[in-house]
Amino acid sequence: MATSPPEPGGRRAGAGPRERDAAGLGRLGATAFVVPALLLIAAFLVFPALWTVYLGATDYRLTGLAAVDPQVVGLENVERALDDDGFTHSLGLTLQFVLGSAVIGQAGLGFALAWVLRDRRGLGRRLIEAMVLLAWILPSSVIAFLWIALLDRDDGTLNALLSTPGTAWLLEHPMLSLIVFNIWRGTAFSMMLYAAALGNVPPSQLETARLAGASSWQQLRDVVFPRIRGHVLTNLLLISLWTFNDFTPFLLTGGGPEDRTEIMPVFIYETALFGGELGFGAALSVLMLLINLVIAVVYARLLRRRKDRDR
Amino acid sequence: MTPPPATPPEATREDRHAAGLDGARRLLATVGFYTFCSLVLAFFTVPLLWLASAPFDDTPSITASLPSFTLANFETLLDNRYAMRSLGNSAVLALGTGALVVVCAALAAYALSRVRLPGRDALLYALLLLSSIVTGTAAMVPLFNLAFELDLIDSQLGVILVLSGGLLPSAVFILKDFMDGTPRSYEESAQVFGASPLQVLRHVVVPLVRPGLATIAVWAVAQVWGNFLIPFLLLRSPEKSPAAVVMYTFYTEGGQPDLALISTFSLLYSVPVVLMFLLVSSRYGFRFHGGIKR
């Protein structure tokens with residue numbers, strides 16, 4: 001559609017009702033309206049991404065000679081990262097964290113809750129939902145301290161409840177603690193998404209399956225799952241992306257003890273900003289951006305395919 | 001659940017046996033259901049107990065326990081210079097970002113909704129994709145460099161700009177949806193009476209999409225209020241730091257943590273988020289808005 005003329009009405013033959021330049025903005029005016037947002041996005045989102053790629057190819061450091069005159073070292077940083085024990089170690093931990101807490105934990109518990117509570121209305125359901133949501137919306141600094149207190153070696157509530165005095169959970173089982181923590185933190189999203197998805201499964205089909213003698217498991221597999229497959233994929237991709245980029249574990253363990261919880265975001269922080277190796281840190285960021293890109297592109301294609309199917 | 005199968009009077013023994021099994025299975029399912037729900041409820045509630053009990057306990061400890069009630073802890077909080085100031089800083093950052101995001105996104109969304117600029121849809125999708133890829137965590141190195149080069153280290157404006165850049169794509173995308181759904185006829189009449197596009201937007205469109213603007217504003221404010229990483233990276237002086245960062249220093253700086261301070265501060269810092277959430281859910285029926293939380 002071309003620019004609408006600035007005459008009153010701004011209506012032109014061929015302009016559909018959904019796209020009518022009702023305010024007589026014109027192309028120039030529209031551009032002027034879009035520019036502030038685009039400038040901000042370009043400066044603080046697009047440019048940093050491109051700059052990461054450039055920095056990743058230099059030996060840039062926070063201090064010293066390389067800080068004044070960084071040299072281009074090409075793919076050296078990326079190669080170094082892929083060879084670096086710290087990097088592979090961190091990648092393995094990240095994988096554990098994402099798979100354990102998001103893909104298995106949050107999605108599993110979220111679905112279980114949505115399924116179990118699907119025809120309940122009442123105080124019990126509201127109470128559970130409220131607590132699950134509360135865990136999701138509270139600020140991460142507060143949540144982190146609550147868990148440090150909960151898992152404390154000497155006076156932690158968990159040790160009191162389990163009668164396991166003196167267990168320092170964050171030191172003895174750091175990764176497990178973080179995984180359980182993140183399940184607690186993020187299940188709300190999966191629960192809500194699956195609750196919405198289950199609302200779309202026609203009750204009559206479930207009824208038919210039940211009358212035909214299908215067990216709960218068979219109903220899930222044959223009736224429910226085929227209908228919510230799209231939601232499951234959406235959910236898994238989004239929570240993986242978010243968990244992969246989550247910095248909250250830093251607030252609980254700071255990457256320690258030793259480097260046993262040094263997931264990717266913490267590793268980058270320690271290397272680039274704490275250790276001052278900005279070039280190497282940027283190369284790590286590039287790898288992280290690439291992984292994000294893969295997840296996001298898969299997600300975008302999925303959405304488009306679903307949109308096409310709906311048409 | 002399933003209504004109990006009516007056992008006909010001429011039921012054979014097997015039938016009755018089957019009905020008994022069925023009943024046992026249903027009992028087991030009920031027991032399982034309540035066990036599961038209680039465990040889940042305990043799992044989600046126990047970590048939060050401390051936040052409810054410790055602020056009002058006269059000798060707060062790490063363990064969650066029934067408090068011997070007092071409000072004295074809040075005096076410790078009010079006496080701490082950094083604590084109250086940091087909440088103010090959080091408000092400045094959150095409201096600043098919220099205002100910037102709402103204004104820029106409303107302008108852009110309106111223009112994109114009413115005028116088909118070349119490559120509009122591709123642009124929107126590309127930006128949305130980009131905003132989910134270039135997260136603060138993945139881009140912390142260049143963001144730090146950028147702030148350094150622009151002399152925005154230790155500046156609240158820097159934090160506001162960086163956060164706005166990250167939130168804008170989703171905000172534009174969601175607001176455009178809202179704007180697409182509003183009728184055009186009012187705008188046309190306003191234009192007949194000689195209103196400029198900016199006036200039309202302010203006096204005609206904004207009142208119509210107010211729920212959308214409010215949702216975006218609350219969402220942006222909540223995102224910034226809880227954000228730790230960006231202010232942690234970009235701000236240096238404690239006087240400028242928001243509550244998220246100050247809270248972290250309260251319990252990581254050596255020595256015995258002041259639990260009276262930490263607990264009351266956590267509570268005060270958490271309350272606005274809960275209020276905002278309740279507001280949105282009661283006002284606009286927050287059930288599910290896709291990926292509204294980044």
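Residues 91–112 of chain B are 100% helix and 0% strand, where helices are DSSP runs of H or I of at least four residues and strands are runs of E of at least two, numbered from the N terminus.

UniProt, in an unreviewed entry, lists "transmembrane region" at residues 31–52, 91–112, 124–144, 156–175, 212–234 and 259–280 of chain B. UniProt positions follow the numbering used here, feature names are shortened, and annotations may be inferred rather than shown by experiment.

The model is predicted: local features need pLDDT of at least 70, side-chain atom pairs count only at pLDDT 80 or more, and totals for chains, interfaces and linings use all residues. Residues are numbered from 1 along each chain as its sequence is written, while chains are lettered from A and ligands numbered from 1 in the order in which they are written.

Between the chains, 85 residues of chain B are in contact with 84 residues of chain A (C-beta atoms, placed from the backbone, within 7 Å). Helix H1 (residues 13–53) of chain B gives the most to the chain B side, with 14 residues. That side holds 60 nonpolar, 17 polar and eight charged residues; Ala, Val, Leu, Ile, Met, Phe, Trp, Tyr, Cys and Pro count as nonpolar, Asp, Glu, Lys and Arg as charged, and the others, Gly among them, as polar.

Chain B is divided into domain 1 (1–70) and domain 2 (81–284), with bounds from an automatic or database domain assignment. Their C-alpha centres lie 40 Å apart. Five residues from domain 1 and seven residues from domain 2 of chain B make the contact.

Note on methods:
Two residues are in contact if their C-beta atoms, placed from the backbone, lie within 7 Å.
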